[in-house]
Amino acid sequence: SINLSRKIAKSNINMLITGESGTGKELFARAIHVESGREGYFVPINCSAIPNELIESELFGYSGGAFTGALKSGKIGKIELANKGTLFLDEIGDMPLNMQPKLLRVLEDMEITRVGSEKPIKVNIRVIAATNKDLPKMVEEGTFRKDLYYRLNSVVLNLPALRDRKDDIPILVNRFVED
């Protein structure tokens with residue numbers, strides 16, 4: 001996994017990291033971003049932690065006065081914030097079905113439109129998604145879009161659980177003790 005990640009880090013290929021909760025998927029994604037040399041930010045978003053009604057404005061941002069309670073100045077979204085960097089979509093299997101085609105459109109066109117605006121904004125992002133769910137099964141069941149799955153799984157890294165990587169424990173312990 002580490003050698004493959006190093007080889008493709010400098011490319012713009014989208015990646016899917018799979019593995020149980022707690023296997024270090026976000027840590028791995030951060031390391032890939034650092035190794036990539038991309039000049040933008042690493043922007044993580046947990047798809048399961050944002051209420052369905054807020055995920056669109058979180059991802060795409062919104063223009064001033066787009067809805068009741070919106071800031072007058074508007075707000076930049078996570079995708080725009082990740083411009084020239086990496087957007088990390090954690091728990092992608094929990095992304096609402098109605099948001100999936102909108103994300104797919106971003107991956108295809110590399111542009112976003114803020115909620116309440118009609119002006120498209122070009123973005124240059126690399127997407128690394130992560131999940132502990134069985135996305136191929138979800139595709140079969142119709143709970144995850146097939147076309148989005150294929151856009152995200154250009155490279156799939158499966159991180160084994162720590163119990164299956166006992167040799168890593170001393171390295172990790174030393175690393176955490178140093179901090």
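**Salt bridges and overall build**

Modeller: Let's start with Glu26 and Arg30, which both lie in helix H2 (residues 25–36), four residues apart, about one turn of the helix. Helices (H or I, at least four residues) and strands (E, at least two) are DSSP runs, numbered from the N terminus. This is a predicted model, where local features need pLDDT of at least 70 and side-chain atom pairs count only at pLDDT 80 or more, while totals for chains, interfaces and linings use all residues. Residues are numbered from 1 along each chain as its sequence is written, and side-chain values use heavy atoms, with hydrogens and water left out.

Colleague: How far apart are the closest N and O atoms of Glu26 and Arg30?

Modeller: The two form a salt bridge, meaning a side-chain nitrogen of Lys or Arg within 4 Å of a carboxyl oxygen of Asp or Glu. Their closest N and O atoms are separated by 3.0 Å.

Colleague: Is Glu80 buried or exposed?

Modeller: Glu80 pairs with Arg114 in another salt bridge. Glu80 sits in helix H4 (residues 78–81) and Arg114 in the loop between strand S4 (111–113) and strand S5 (120–122), so the pair ties together parts that are 34 residues apart in sequence. Buried means under 20% relative accessible area, exposed over 50%, and partly exposed in between (1.4 Å probe, protein chains only). With a relative accessible area of 16%, Glu80 is buried.

Colleague: How many residues apart in sequence are the parts that Lys133 and Asp94 tie together?

Modeller: Lys133 forms a salt bridge with Asp94, with closest N and O atoms 2.3 Å apart. Lys133 lies in the loop between strand S6 (126–131) and helix H6 (135–141), and Asp94 in the loop between strand S3 (86–90) and helix H5 (100–109), so the parts tied together are apart in sequence by 39 residues.

Colleague: Which residues does Gln100 touch, not counting those up to four places away in sequence?

Modeller: Gln100 belongs to helix H5 and is buried, at a relative accessible area of 0%. Contact means heavy atoms within 4.5 Å. By that count, Gln100 touches Met95, Thr143, Phe144, Arg145 and Leu148.
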